[in-house]
Amino acid sequence: MFSDIFYSKKTGEAVQIIAKCKILPEEIPGVCIQKMSGDFGCYVWDVEHFKSNYQREKVKSQKSEEAKSEEEVSDLIRFLDADTYREKMKILESMKDELNEHILNNMAVSLDLSLEDGVDGYSFLMSELKIRSRFEGKRGDRL
């Protein structure tokens with residue numbers, strides 16, 4: 001059940017279970033879930049309430065905005081999982097047209113950076129990745 005993906009029966013929004021828990025003081029069985037889009041918020045639901053509101057299968061009537069959001073999450077995960085800065089650069093470049101402030105901030109945080117207001121996040125991240133890529137691997141592998 002851990003890290004399984006479930007979908008809201010009302011909206012089709014995806015969530016993942018990140019932990020089982022007990023809700024005090026009655027010690028009601030619960031689950032800690034995280035949204036897979038938007039603000040990626042974490043919530044605790046009692047198991048019975050969760051089961052009545054979420055299901056494993058995706059709701060047939062998907063919203064196109066939600067499908068786009070899931071694709072963005074997938075691209076962000078590819079960026080975070082990339083083994084080299086060169087791979088991160090390629091992924092960032094392929095995402096250039098779909099980037100938003102939230103994704104750029106998550107990418108920056110993964111590189112121990114922060115994006116200041118008024119700075120072009122894409123250019124800043126690409127510049128930083130180019131600099132870092134020069135110092136990874138063999139000398140002959142430079143861009």
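Tyr7 stands opposite Gln55 in strand E5. The two residues belong to a pairing in which strand E1 (residues 5-8) and E5 run antiparallel, joined by 2 bridges. Strands count as paired here if DSSP finds at least two bridges between them. Helices (H or I, at least four residues) and strands (E, at least two) are DSSP runs, numbered from the N terminus.

This is a predicted model, in which local features need pLDDT of at least 70 and side-chain atom pairs count only at pLDDT 80 or more, while totals for chains, interfaces and linings use all residues. Residues are numbered from 1 along each chain as its sequence is written, and side-chain values use heavy atoms, with hydrogens and water left out.

**The sheet**

The pairing of E1 with E5 is part of an open sheet of 5 strands, in the order E4-E3-E2-E1-E5, with antiparallel pairing. E4 and E5 (54-55) are the edge strands, and each pairs on one side only.

At the E4 end of that order, strand E3 (residues 28-35) and strand E4 (residues 42-46) are antiparallel partners over 5 bridges. Within this pair, Cys32 stands opposite Val44 in E4. E3 and E4 form a hairpin with 6 residues between them, and Gly38 in the turn has a positive phi of about 65°.

**Backbone exceptions**

Most residues other than glycine have a negative phi, and most peptide bonds are trans. Which residues depart from this pattern in the model? Phe40 is one, with a positive phi near 55° although the residue is other than glycine. Phe40 lies in the loop between E3 and E4. Another is Asp112, which is not a glycine and has a positive phi of about 60°. Asp112 is found in the loop between H4 and H5.

The two also have computed accessibilities. Buried means under 20% relative accessible area, exposed over 50%, and partly exposed in between (1.4 Å probe, protein chains only). Phe40 counts as partly exposed at 22%, while Asp112 is exposed at 73%.

There is also a cis peptide bond, which joins Leu24 and Pro25 with omega of about 5°. Pro25 is placed in the loop between strand E2 (14-23) and E3.

**A buried phenylalanine**

Phe50 is found in helix H1 (residues 47-53). Is Phe50 buried or exposed? Phe50 is buried, with a relative accessible area of 3%. Contact means heavy atoms within 4.5 Å. Leaving aside residues up to four places away in sequence, Phe50 touches Phe6, Val15, Ile17, Val31, Ile33 and Trp45. The C-alpha atoms of Phe50 and Cys32 are 9.9 Å apart in space, and the two residues are 18 residues apart in sequence.

**Cysteines**

A disulfide is a pair of cysteine sulfur atoms within 2.5 Å. By this rule the count is 0 disulfides.

Which residues of helix H4 (residues 101-110) are buried? They are Ile103, Leu104, Met107 and Ala108. These residues lie on the same side of H4 because they cover an arc of only 135° around the axis. The arc is that of the directions from the helix axis to the C-beta atoms. The face of H4 turned away from its buried side carries the exposed residues Glu101 and Val109.

At the start of H4, a side-chain oxygen of Asn100 comes within 3.1 Å of the backbone nitrogen of His102. Just after H4 comes Asp112, the residue with the positive phi of about 60°.

Helix H5 (residues 121-133) has 13 residues, which at 1.5 Å a residue should span 18 Å; its end C-alpha atoms are 18 Å apart, so the values agree. The expected span of a helix is 1.5 Å times one less than its number of residues. The buried residues of H5 are Gly121, Tyr122, Leu125, Met126, Glu128, Leu129 and Ser133. They cover an arc of only 165° around the axis, so they lie on the same side of H5.

Notes. Polar contact = N/O pair within 3.5 Å; in protein donor to acceptor, adjacent residues only side chain to side chain.
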